Amino acid sequence: MAGRGGYPVGQAVRLAELAGPDLHQVLARLRAAEPVSWLPVLDGWLVTRYDLAMRVLRDSAAFTVDDPRFSTARVVGPSMLSLDGTAHDRHRRPFGGPFSQAEVRDRLAGFVAAEAGRLVAAVRPAGQAELRRSLAGPLATVVVARMLGLQATPPEVILGWYDAIVAAVSELAGAPGAEPGAAGVAAFSQLAERLHGVIAAGDPGQSLLAAAAEHVGRSGALSTGEAVSNAAVLMFGGIETTEGMITNAAWHLLSHPDQLRLVRDDAELLRGAIEESLRLEPAAAVVDRYATRDVMLGDAMVRQGDLVTVSLAGAGRDPAVFADPDRFAVQRENANRHLAFARGPHFCLGVHLARLEAHAALDALLPLPGLRLDPDGAAPPAGLVFRKPAALPVCWDGG
């Protein structure tokens, strides 16, 4: 056991390294030497080993999200994202049924496949496209609109609300004592007004939000305001991480022609390709927790109140769990053991919808003849918290 000054590898890490394309080399060094390391640039602990990451994610009594520094709640109000224990269960429970695999498939599979096909058909004649802005982002946004009953709201309006709220949350994360920015407050107010209308209409057949809110106001159930706060955080995940998941999976496949050929020869391998991409480059690279008490984590003494950041990206390349961990292999048998959707009580509620969207997007995209990365513009995934290529230009034959 060492004090906070006893982690030389962590002490040397710079923020740019954690956000850059060489992140995984840094995480490998940390995992080998200091799997729980104090990083001054984070003012907290970084956990990179799979078993220790799993422990933090599962133990919400010792490692909680319910802390004033968790800035999302200060903008949109308390939600399943920012609560633990019985309060978390009460906020999450109404959404469990509508977001189940069967419900998502029955309500949205046809719609998602049609939208993915429409987006690919729209760019096909050009023979080239930038996939983040022409496929991944638009698909994620239109599905969020459908999910929340906002079909009548223009996608650019939804994205405007999203950008303003995310910016307000990010500003608070960097300045915990500050007040939420006016633009973020106004955006959430406008979003909330629309969502109140969806809930008031009370038609569970029209959206997953309406289905989840069917019992709002009853004894022990969510209030309308609480349902709206949860809908707002679902909007974040539904846009940001799904866009990244689709873009990263396309980047991995197009960067590995041998693996792409396997998928084209056997369509069943597409699911494995998506899981393998999630393992190698989860769209959300880290999640934060706060220690509720002094606790030993590996060889580190974590003190009450300390920030504990779990590297989902680091856990996904732990050689103790994944053989040859830096290799993209669509036939990897245990790829779905990744932690890209977290674990424990905060396991991603939208996991089935995200997988459905990624599969539909790639299923529509991959048949384009001669599909390949633009050699002059494709860049690897990067980002401190959310990782994806800044842009993913591709081209194909016959445009």
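1. Y290 stands opposite L307, a residue of β8. Strand β5, covering residues 286-291, and strand β8, covering residues 307-311, pair in the antiparallel sense over five bridges; strands are DSSP runs of E with at least two residues, helices are runs of H or I with at least four, both numbered from the N terminus, and two strands pair if DSSP finds at least two bridges between them.

2. Please keep in mind that this is a predicted model, in which local features need pLDDT of at least 70 and side-chain atom pairs count only at pLDDT 80 or more, while totals for chains, interfaces and linings use all residues. Residues are numbered from 1 along each chain as its sequence is written, and side-chain values use heavy atoms, with hydrogens and water left out.

3. The strands β5 and β8 belong to an open sheet of five strands with mixed pairing, in the order β1-β2-β8-β5-β3. Its edge strands, each pairing on one side only, are β1 (36-39) and β3 (63-64). Helix α4 (residues 50-58) lies across β1, β2 (44-47), β3, β5 and β8, and runs at about 125° to β8; axes are lines fitted to C-alpha atoms, for helices over the stretch in contact, and angles run from 0 to 180 degrees between N-to-C directions.

4. A further open sheet has three strands in the order β4-β10-β9, with antiparallel pairing, and β4 (128-130) and β9 (372-373) are its edge strands, each pairing on one side only. Between β4 and β10 (residues 393-395) there are three bridges, and Q128 stands opposite C395 in β10. Helix α8 (residues 131-148) packs on this sheet, where α8 touches β4 and β10, and its direction makes about 65° with that of β4.

5. Apart from neighbours within four places in sequence, E243 is in contact (heavy atoms within 4.5 Å) with R132, A136, G137, A140 and K388.

6. The lining of the second largest pocket divides into six nonpolar, three polar and four charged residues; Ala, Val, Leu, Ile, Met, Phe, Trp, Tyr, Cys and Pro count as nonpolar, Asp, Glu, Lys and Arg as charged, and the others, Gly among them, as polar. Of its 13 lining residues, Q101, R271, H352, R355 and L356 lie nearest the centre, and the elements giving two or more residues to this lining are α7 (101-123), α14 (269-280) and α16 (351-365). A pocket here is an open set of points on a 1 Å grid over the protein atoms alone, where a 1.4 Å probe fits, with protein on both sides within 12 Å along at least five of seven lines, and lining residues have an atom within 4 Å of a point.
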